[in-house]
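Biologist: Could you take me through this model slowly? I would like to learn what the words stand for as well as what they tell us.

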Amino acid sequence: MKTETEVRRALREWVIRTNGKIAADALTDRTPIIEQRIVTSLQITDLLLFLEELTGRAIDVEKLKPGIFRDIDAIYENFFGKADGV
Amino acid sequence: MASERSIDWNLLPGYRWHENGQSTFSGAPLKLYQKLDRLFLQWAGERGAAEHRFPTFIPARELDRLDYFRSFPHLVTFPVTLDPSKDNLAAFVRGAPLDDAGHLQLAASAPIADVLTPAACYHFYIQFQDERLAQPRYVTTRATCFRREDHYAPLQRQWSFSMREIVCLGTADEVKAFLAGGRATVEGFFKKIGLPIEWQNATDPFFEPARSSKYLMQKLDPVKIEMVFNGDLAIGSVNFHRNYFGEAFRITRAGADAYSGCIAFGVERWIFAFLTHFGTDEAGWPVLT
């Protein structure tokens, strides 16, 4: 079981690796990754797969709520925090 | 809404419906069309939007940059011409131009490299490609748009229809402020004239949405809000494109890919809403200013 710090670091690393252009210090847990298209529509399914790996659970796409991928804070809250968005 | 009038479109003076998904206007319905578009232009003018008039065809190569053909293959319409070789033209002339079903028998067709405009605002991103914007840019156009559908209905679902768009290109904040201001204006207008409209989050009509990552993205981060009449007819929409078009067409603002957004009005659908809600007698129509 990963700690919150480890999960957040893994998410940040995934975003930086997947985007390929953004500098590590330009990405915070509140950077709007969808609005700024740091994660694009082509990468969203990869993000879902990565989250399935991290959580160890299958994600039902139909049940996902708007805003769930707004930033790393939202992803953490919805997939790992109290407010389970899946 | 049950209170809306049901109209026999075949009997409406000044209006003619074509089974191939098109409308002809004259008389009072044409006057309404023109008044509505003048109203949209007035709203565009209030935002300092410069009017443009674009041609009908868009090079397929430009739309391909947007992955348009994979996203909307079911909607696209192409201009087709005969293969210009003398033999082919001669064969076409010798044969029957139409078969019994009324379908053209083209012999061979020439390669197709253009598309009939599917949405008015695409023209702007193509027009402004490679530009560095020193300030936000506000523009407007009305275009005849073409979207192939599996069925058509008078004024509500047409193969060719008129779309007026007001567009902003700028930073994310500039575009968001433009969209919020535009929505407030339109919302105020609906209230003033008493047209019942609900604002609903929506997605674009992607092909096979269940398999479309763009559809999924729009569900997860809504960027399209529609003005819905009668529970199911979107007569317009407010759209935030993020920096999608800026990136695809290398348009920059403040050192980064430009953001863009548009407010779109489907003129025929507005006419439908007006006629069914306020009646076909122009004396009953609200003042359009």
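Modeller: Happy to! Let's begin with contact: two residues are in contact if their C-beta atoms, placed from the backbone, lie within 7 Å. Keep in mind that this is a predicted model, where local features need pLDDT of at least 70 and side-chain atom pairs count only at pLDDT 80 or more, while totals for chains, interfaces and linings use all residues. Residues are numbered from 1 along each chain as its sequence is written, and chains are lettered from A and ligands numbered from 1 in the order in which they are written.

Biologist: How do you know which residues of domain 1 and domain 2 of chain B are in contact, and how many are there?

Modeller: By that contact rule, ten residues of domain 1 of chain B meet five residues of domain 2 of chain B. The bounds come from an automatic or database domain assignment, which gives 9-77 + 118-284 for domain 1 and 79-116 for domain 2. Taken over C-alpha atoms, the centres of the two domains of chain B are 33 Å apart.

Biologist: What makes a set of residues a nonpolar core?

Modeller: The members are buried Ala, Val, Leu, Ile, Met, Phe, Trp, Tyr and Cys residues joined through C-beta atoms within 7 Å. Buried means that 20 or more other C-beta atoms lie within 10 Å of a residue's own (exposed is 12 or fewer, partly exposed in between), with C-beta atoms placed from the backbone. The largest such core has 54 residues, and Met163(B), Val167(B), Trp270(B) and Ile271(B) have the most contacts inside it. Helix H9 of chain B, residues 267-278, gives the largest share of this core, seven residues. A second, separate core has 17 residues, including Ile68(A) and Met217(B).

Methods
Helix = DSSP H or I, 4+ residues; strand = E, 2+ residues; numbered from the N terminus.
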